[in-house]
Amino acid sequence: MVTDQRKSARKILKVRAVLAMEGQAPVQVRTSDIGVNGVSLTVPNPLQTGQVGQVAFDLLVDGKSFPLQARARVMYCIFSNGEFKAGFQFMNLDLNALSQLSRFLR
């Protein structure tokens, strides 16, 4: 049985994003949901737990687009319904990004 290891509430977020894993070219991905600690992405290829990369996407906060960029670590990657779903934990979000993310999650 798989248990949910998330430590915070999540909100559905389905937007385009760019993922650049260390040592690899950036790829287009899609977000699934987001929380204060991380984001879930649909990715084209499997990722290894512990890998680190840069994720970038736009959040709509109070009617304005906020570009969020963050370093993130792969926490899991599973094959589901013909695609790979990967969970990322944010690493050291800057104060402005954390503030905008908190406002989005309200």
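In this predicted model, the largest nonpolar core has 27 residues. Such a core is a set of buried Ala, Val, Leu, Ile, Met, Phe, Trp, Tyr and Cys residues joined through side-chain atoms within 4.5 Å, where buried means under 20% relative accessible area with a 1.4 Å probe, protein chains only. Leu19, Ile34, Phe57, Leu59, Leu68, Phe88 and Phe90 have the most contacts inside the core.

S6 gives the most, with five residues.

Ile34 touches Phe57, Leu59 and Phe90, among others, leaving aside residues up to four places away in sequence (contact: heavy atoms within 4.5 Å).

Now for Asp33, which sits in strand S3. Asp33 counts as buried because its relative accessibility is 14%. Its side chain makes a polar contact of 3.0 Å with that of Arg10 (N or O atoms within 3.5 Å, one able to donate a hydrogen and the other to accept it; residues adjacent in sequence count only if both atoms are side-chain atoms).

Residues are numbered from 1 along each chain as its sequence is written, and side-chain values use heavy atoms, leaving out hydrogens and water. Local features need pLDDT of at least 70 and side-chain atom pairs 80 or more, while totals for chains, interfaces and linings use all residues.

Methods: Buried < 20%, exposed > 50% of the residue type's maximum accessible area, 1.4 Å probe, protein only. Helix = DSSP H or I, 4+ residues; strand = E, 2+ residues; numbered from the N terminus.
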